[in-house]
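Here is a friendly walk through a protein model, taken one kind of contact at a time. Please keep the structure in view as you read.

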Amino acid sequence: MLWNSYRYRIEDDGIVIEEYCGEELHVTIPAEIEGLPVKVIAPEAFSAYGALIERVEVPGSVTDIGDGAFKMCMSLEQLVLQEGVRRIGENILLVTAVTQIFLPSTVENLKRPWEWGKVAIDVAPENPYYFSDGYGLYEKREDGYALVAVRAEDQRTQYTVDPKTTVIERHAFEGQMYIQEVELPEGVICIEEEAFESCQALRRIALPEGLTTICADAFRCCISLEGLELPSTLKDLGEHAVTDTYGWSPSMNGIQYMTVHPENRYFYHDANAFYQRGENGSLLIKYFGKNETWKIPAEVTEIGAMALRRANLREVFIPETVKRIPKDAFAECGRLECMELEADGVKLYVPENPVYRKGEISALFYQDDDGNLRYDYEAYDALLADWSQILIRCRMAAFRLEYPVQLSDTRKQAYEALIVEHLKDLVYDICKRDSLKDLEALGSAGAISAEHIEEMIDWTTECHRGKLTGYLMEYQREHFAENAFDFSL
């Protein structure tokens, strides 16, 4: 039905405005149509024809404003709500020019309340459901307050949350670009999902005793967050709750330290990492150490998602106690060169580049039917076979020859031939990096032959690499006294 500039329907003895199709710049929605009260503004009712509207006044007869009711009203600067409005849907101000709004005392439900952080909110003092301190918007609950949104454009750098607060709601601080320090009161027991997501200036947050739960992705993309001090009461952590604080740049390494109150029964830390206790061992949640070489503690039975993301490690030792490693555990470990698997007695070479191949190699862990950690060496060999960079393939081949777990005779012969074919280039590359470790790997793999060792000595001498030449001469003395060579040495 159509009345003046409004398409409407009758529902529950009231009017639902389905669409505004007028051309006014200042709109006063009627309190009644055809003698019936206007109770509801339907979703996106003003979106189609509201681009030029500058001001809208909603009468007190309206109790419900639907999702996106004023969405795309790009010129809208004022939305006036009268006493009577109870429920307000999501995205009602999406792509509008509204920067501040008054919530009357009757408003009892804001759908997706975190969206209101985009505007300055003044709440009627007598509203029993919400209040604002000028920065934070709070919902009043029986057990205390829930902080549901903060003013995104407010440039303050420090904020102390109201002392009666028990929950930091989902997305409450999301996208706040200025806040650097947040003080939570002792009453806060839960930080919900993505509560501080993309607070890129946040450096410090005081987590109080009494806090029991930090939900998934709570601090995602908090790229300036230096560290966290976790209270004794914390017992629940959601996925990536503290492990996804990184920015887009590989140089942004996330949280630099984590400490846990010594009386905490569920979590603990050491100088290098943060762990969760379990019935059968510990879960490695976050490595934050600066070591280039690290042995994962023997009490660890599982490595968590993104636990070693962007770690500074070049070598990591994985004890046989570890039973599970997820595919993203070593994500973006740009410096990682070697993984040692105690269960198989194997060292695996991890190539320098391309970086994405590091992720492919570290993602080949799996659990067998008995729940033991296994590695897919066949898939590793298949990756090597397709590698475009010959010298990297040679290094990987040397490791596989030294630790030939699940290495077929055909592969073994192919690797031996590959090293012989490119031996000179490989030795010059080792000289360039002055890497005695890589030269020793060739020796351990049995890839230094009596036929070629004199040439290898000449090449290292030419490059003025005395320690490499010394190693080769000693190798020659120990292995080729009778001028014999066997790849199985």
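## Salt bridges

Arg87 is partly exposed, with a relative accessibility of 30%; here buried means under 20% relative accessible area, exposed over 50%, and partly exposed in between (1.4 Å probe, protein chains only). Its partner in a salt bridge is Glu108, with the closest N and O atoms 3.7 Å apart. A salt bridge here is a side-chain nitrogen of Lys or Arg within 4 Å of a carboxyl oxygen of Asp or Glu. The pair links distant parts of the chain, 21 residues apart: Arg87 is in strand S10 (residues 87-88), and Glu108 is in the loop between strand S11 (100-103) and S12. Helices (H or I, at least four residues) and strands (E, at least two) are DSSP runs, numbered from the N terminus. Glu108 is also partly exposed, at 31% relative accessibility.

This is a predicted model, in which local features need pLDDT of at least 70 and side-chain atom pairs count only at pLDDT 80 or more, while totals for chains, interfaces and linings use all residues. Residues are numbered from 1 along each chain as its sequence is written, and side-chain values use heavy atoms, with hydrogens and water left out.

How many salt bridges does the count come to? The count is 41. One of them joins Lys111 and Asp67, whose closest N and O atoms are 3.0 Å apart. Lys111 sits in the loop between strand S12 (109-110) and strand S13 (120-123), and Asp67 in the loop between strand S8 (64-65) and strand S9 (78-81), so this pair ties together parts 44 residues apart in sequence. Lys111 is partly exposed at 36% relative accessible area, and Asp67 is partly exposed at 25%.

Now turn to Arg465 and Asp434, whose side chains meet in a salt bridge of 3.8 Å, N to O. Arg465 lies in the loop between helix H7 (453-462) and helix H8 (466-479), while Asp434 lies in the loop between helix H5 (423-433) and helix H6 (436-444), so the pair ties together parts 31 residues apart in sequence. Both residues are partly exposed, Arg465 at 26% and Asp434 at 27%. Elsewhere, a network of salt bridges links Glu194, Glu197, Asp217, Arg220, Asp244, Arg309, Arg310 and Glu332.

## Aromatic rings

A pair of aromatic rings is described by the distance of the centres and the angle of the planes. In this report, rings of Phe, Tyr and Trp (its six-membered ring) pair if their centres lie within 6.5 Å; planes under 30 degrees apart count as stacked, over 60 as edge-to-face and the rest as tilted. By this rule there are 20 aromatic pairs.

Are Phe196 and Phe219 stacked or edge-to-face? Their ring centres are 5.3 Å apart and their planes are at 15°, so the pair is stacked. Phe196 is in the loop between strand S20 (190-191) and strand S21 (204-206), and Phe219 is in the loop between strand S22 (213-214) and strand S23 (227-230), so the pair ties together parts 23 residues apart in sequence. Phe196 is buried at 0% relative accessibility, and Phe219 is buried at 0% too. The rings of Tyr375 and Tyr377 have centres 5.2 Å apart and planes at 65°, so this pair is edge-to-face. Tyr375 and Tyr377 are both buried. Ring pairs also join Trp3, Tyr6, Tyr20, Phe46 and Phe70 into a cluster.

## Cysteines

How many disulfides does a search of the whole structure find? The search finds 0, where a disulfide is a pair of cysteine sulfur atoms within 2.5 Å. For Cys221, the closest cysteine sulfur is in Cys222, 7.8 Å away and too far for a bond. Cys221 is partly exposed, with a relative accessible area of 23%.

For Cys394, the closest cysteine sulfur belongs to Cys431, and the distance of 14 Å is again too far for a bond. Cys394 is buried, with a relative accessible area of 0%.
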